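Here is a briefing on one structure, grouped by topic. Please keep the sequence and the model in view while reading.

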Amino acid sequence: MLVQLTYASRTAGVLGANDVKDILAASKRNNALVGVTGALCLNNGIFLQQLEGDKAEVNALYHRLLRDERHRDPAILDFSEITQRRFGSWSMGLLSSLEENRQIFQKYSGSRDFDPYAMSVPSLRAFFNEIVDNVRWLG
């Protein structure tokens, strides 16, 4: 069964550029091995990630993230069965708070600061739909 999981967590500390590059490299490598695809957003100290793949693999990956000391306050924001992948060609893409991406973060946030914890499921889905083709990705 193919599923999609969207979660948010807060960073446990300040992440530097090298930390972010290391996270992205490890995600790409590890996700490719188990057939998980997705996108990772980092803004205002909050990770927002959408993972897609086999239900057991996505579940196992999320449980590993729960044990990762870089994450705190993890919350599943959306979980559903899907018929096809949105990020099928990438093991992981990273969307950072670059100036040209700021408007998209703001568009879907109910407050001045991007807060995925407060976003509705339809807003989260619309956000990921828009960012696939319309933002500058790192990695």
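Predicted model: local features only at pLDDT ≥ 70, side-chain atom pairs only at ≥ 80, totals over all residues.

Residues are numbered from 1 along each chain as its sequence is written, and side-chain values use heavy atoms, with hydrogens and water left out.

**Helix 1**

- Helices are DSSP runs of H or I with at least four residues, strands are runs of E with at least two, and both are numbered from the N terminus.
- Helix 1 covers residues 17-34, which makes 18 residues.
- From first C-alpha to last, helix 1 reaches 26 Å, close to the 26 Å expected at 1.5 Å a residue. The expected span is 1.5 Å times one less than the number of residues.
- Val20, Ile23, Leu24, Ser27 and Asn31 are buried in helix 1. Buried means under 20% relative accessible area, exposed means over 50%, and partly exposed lies in between (1.4 Å probe, protein chains only).
- Seen down the axis, the buried residues of helix 1 fall within an arc of 95 degrees, so they line one face of the helix. The arc is that of the directions from the helix axis to the C-beta atoms.
- An α-helix has 3.6 residues a turn, so residues three or four places apart point the same way.
- The face turned away from the buried side of helix 1 carries exposed residues: Asn18, Lys21, Asp22, Arg29, Ala32 and Leu33.

**Helix 2**

- Helix 2 (residues 55-67) has 13 residues. Its first and last C-alpha atoms are 19 Å apart, close to the 18 Å expected at 1.5 Å a residue.
- Val58, Leu61, Tyr62 and Leu65 are the buried residues of helix 2.
- Ala56 and Arg67 are exposed, on the face of helix 2 turned away from its buried side.
- The cover over the buried residues of helix 2 includes strand 1 (2-11), helix 1, strand 3 (46-54) and strand 4 (71-81).
- Asp54 caps the N-terminal end of helix 2, with a side-chain oxygen 3.1 Å from the backbone nitrogen of Ala56.

- Eight of the ten residues of strand 1 are buried, so strand 1 is largely enclosed by the rest of the structure.
- Strand 1 pairs with strand 3 in the antiparallel sense over nine bridges. Two strands pair if DSSP finds at least two bridges between them.
- Leu2 stands opposite Asp54 in strand 3.
- Strand 1 and strand 4 also run antiparallel, joined by eight bridges.
- Gln4 stands opposite Ser80 in strand 4.
- Ser80 is buried, with a relative accessible area of 16%.
- Leaving out residues up to four places away in sequence, Ser80 touches Leu2, Val3, Gln4 and Arg125. Contact means heavy atoms within 4.5 Å.

- Seven of the seven residues of strand 2 (residues 37-43) are buried, so strand 2 is largely enclosed by the rest of the structure.
- Thr37, Ala39, Cys41 and Asn43 point one way from strand 2, while Gly38, Leu40 and Leu42 point the other way.
- Strand 2 pairs with strand 3 in the antiparallel sense over seven bridges.
- Gly38 stands opposite Leu51 in strand 3.
- The hairpin of strand 2 and strand 3 has two residues between the strands, and Asn44 takes a positive phi there, near 55 degrees.

**Aromatic pairs**

- The structure holds five aromatic pairs. Rings of Phe, Tyr and Trp (its six-membered ring) pair if their centres lie within 6.5 Å; planes under 30 degrees apart count as stacked, over 60 as edge-to-face and the rest as tilted.
- The rings of Tyr108 and Phe127 have centres 5.9 Å apart and planes at 75 degrees, so this pair is edge-to-face.
- Tyr108 lies in helix 3 (residues 102-108) and Phe127 in helix 4 (residues 121-134), so the pair ties together parts that are 19 residues apart in sequence.
- Tyr108 is buried, with a relative accessible area of 16%. For Phe127, also buried, the value is 0%.
- Phe127 and Phe128 form an edge-to-face pair too, at 5.4 Å centre to centre and 80 degrees between the planes.
- Phe87, Tyr108, Phe114, Phe127 and Phe128 form one aromatic cluster.

How values were computed. Polar contact = N/O pair within 3.5 Å; in protein donor to acceptor, adjacent residues only side chain to side chain.
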